[in-house]
Structure formats: C-alpha cells, structure tokens
Amino acid sequence: MKFDILTLFPAMFEGPLTESIIRRATDKGLLDIRLHQLRDYATDRHKVVDDAPYGGGDGMVMKVEPLAACIEAVKADRPKARIILTTPRGRLFDDAAARELAGEEELVIICGRYEGVDERVRELFVDDEFSIGDVVLTGGELAAMMMVDAIARFIPGVLGSPGSAETDSFGNGLLEYPHYTRPAEFRGLAVPGVLLSGNHAEVARWRRRKAIEKTLQVRPDLLRQADLTDEERRWLAEFEACSR
Ligand code: ADE
C-alpha cells in the first residue's frame, strides 16, 4: 500500500515509521511511505505556508496554494489516491475506519497545522477528514502516524500472525482479555490456573469472560456492538449486578 504524507515536519516521522513492524513491512515491499515537505511547494521567496485568517481571530491558517501544488504533484503519481486530512473536526478514526482504509491502494494524508487549513483545500481535494479522538494535538503529524500504523495492521503480511488484527481489542467489539507469560508466580501473584490447564476450550471461555468484564468496566459503550452468546449475556448481567 502506498502512503504519501504531506507535512511541514517530515523529521517527526523518523522513528515511528522507520522502526519495528512498519520498518519490516516497508522492507518487504508491503508499504511504501513517502514524505513530502509542504514548504517546498511555497511559491514566494520566503517559503511562506501560513497566513492570518480572514475575519480576524487567533492563530494562522495553512495557505491553499502550497497545499494545492503539493497535492497535485503527488496525485500525478498516485491517480487512485484517496485524500485524507487530519483534523480534530474530522470523523472519528477507529478500528473500522482503519480496516476500511486498508482496502485502498493509495492514500494521501495531509497533516493539518496551526489553527486549520484553508477551507478551499477541503472543497477541492479532500475525500475524508479524520480525527484520532476528542483531543486536540499540536498538529496532524502524530495523528497521521497513528493512522498509518493502525491501517498497516490490516494489510495482509504486515503482522506476524494473520489473526492478530482480528482478535486484538475492538476487532470483536470487546477489549482484550489479560495476558500472562512466565513466571507462573511473581511477588505472590499467580497466573490464573485455567491458563496452565492445557484445556483450550476453557481457556477460550475464560478469555471471553474476562474481555466482557473489562469492557463493561472501561468501555461499556462498546458492548452494544459486541456479538455475545446467551451464556455471555448472562455473565454480563452478573457483572452488571456486581457493579451496581
Ligand atoms: N490535529 C490536531 N488534533 C487532531 C486530532 N484530534 N485528530 C487529528 N488531527 C489533529
């Protein structure tokens, strides 16, 4: 999958997109991530990329001309690209969105900065606006990194075990169950016996029960979409009764 990221701060991407799983996927040719410095597309001598907002108010707005020039240059090479803008005004970027975007061949991500981006960029070029949550960042770069990372997990071959993207939290509408590895006891805390039992059906049952309990405690809103069996609904009722 091809990612083109338009940013004023390409150096920020050093590390998150050049290490670990993303690095391996790039080396294998599964990901092709290119960074574009928006300032290179400014047309004036001082390479200005922002200006004061019409109508007054705080902050600066990213100018339309450098963005338009950069997007058009990238699009010449990426005719099928879906164009995304990172902004707190966007639709929530969640697991479903990551899965959906992983189906694209080419994705352009524009990292918003300052108070925002001239609205005409949206009107002319942007297909979707995404926010990574109800929180305001200093710019869209971290949001773009999160998006690439989360999308990459759904690209076949990126994760070591193909099922991981499905079973991890949110993949099934539940938060993940707790994990343990050796030693079997640490500072008086023992690993739950069922995990040492070798009984795979019981392990799976325990994990579902724990996942439901955790989701109820931390993100009860997710339970509305979870696909639960009759037995699991009874567990949920028990946990709800205990928490009252
Ligand atoms: N830029 C600033 N805050 C953001 C957010 N929450 N999501 C995406 N881009 C942002």
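Tutor: Cys111 is buried, with a relative accessible area of 0%; buried here means under 20% relative accessible area, exposed means over 50%, and partly exposed is what falls in between, with a 1.4 Å probe and protein chains only. Keep in mind that this is a predicted model, where local features need pLDDT of at least 70, side-chain atom pairs count only at pLDDT 80 or more, and totals for chains, interfaces and linings use all residues. Residues are numbered from 1 along each chain as its sequence is written, and side-chain values use heavy atoms, with hydrogens and water left out.

What about bonding? The closest cysteine sulfur to that of Cys111 belongs to Cys70, and at 11 Å it is too far for a bond. A disulfide is taken as a pair of cysteine sulfur atoms within 2.5 Å, and the count of disulfides comes to 0. Seen from the other end, Cys70 is in no disulfide, its nearest cysteine sulfur being that of Cys111. Cys70 counts as buried as well, at 0% relative accessibility.

Now the aromatics. Rings of Phe, Tyr and Trp (its six-membered ring) pair if their centres lie within 6.5 Å, and planes under 30 degrees apart count as stacked, over 60 as edge-to-face and the rest as tilted. That gives 1 aromatic pair. The ring centres of Phe93 and Phe130 sit 5.8 Å apart with planes at 85 degrees, so the pair is edge-to-face. Phe93 is in the loop between S5 and H3, while Phe130 is in strand S8 (residues 128-131), so the pair ties together parts that are 37 residues apart in sequence. For those labels, helices (H or I, at least four residues) and strands (E, at least two) are DSSP runs, numbered from the N terminus. Both Phe93 and Phe130 are buried.

On to the pockets. On a 1 Å grid over the protein atoms alone, a pocket is an open set of points with protein on both sides within 12 Å along at least five of seven lines, whereas a cavity is a set of points where a 1.4 Å probe fits but cannot get out; lining residues have an atom within 4 Å of a point. Points are joined across faces, edges and corners, and the volume is the space filled by probe spheres set on them. The largest pocket comes out at about 490 Å³. Its lining has 20 residues, with Asp94, Asp95, Ala96, Phe170 and Leu222 nearest the centre. Helix H3 (95-101) and helix H5 (141-152) each supply at least two lining residues. By class, the lining has 9 nonpolar, 4 polar and 7 charged residues; Ala, Val, Leu, Ile, Met, Phe, Trp, Tyr, Cys and Pro are nonpolar, Asp, Glu, Lys and Arg are charged, and the others, Gly among them, are polar.

The largest pocket takes lining residues from both domain 1 (2-152) and domain 2 (169-243), so it lies between them. Those bounds come from an automatic or database domain assignment, and the two domain centres, taken over C-alpha atoms, are 37 Å apart.

The second largest pocket has a volume of about 410 Å³. It is lined by 24 residues, with Thr87, Pro88, Tyr114, Glu115 and Gly116 closest to its centre. Strand S5 (82-92), strand S7 (116-117) and helix H4 (119-125) each give two or more residues to that lining, and S5 gives the most, with 5 residues. The classes there are 9 nonpolar, 9 polar and 6 charged.

Thr87 turns up again with Val136: they are 49 residues apart in sequence and 8.6 Å apart C-alpha to C-alpha. Val136 lies in the loop between S8 and H5 and is exposed, at 68% relative accessible area.

Most residues other than glycine have a negative phi, and most peptide bonds are trans. Lys47 has a positive phi of about 55 degrees; it is in the loop between strand S2 (32-37) and strand S3 (50-51) and is partly exposed at 34%. Arg187 has a positive phi of about 50 degrees; this exposed residue, at 75%, is in the loop between S9 and strand S10 (189-190). The peptide bond from Arg182 to Pro183 is cis, with omega near 10 degrees, and Pro183 is in the loop between helix H6 (164-167) and strand S9 (185-186).
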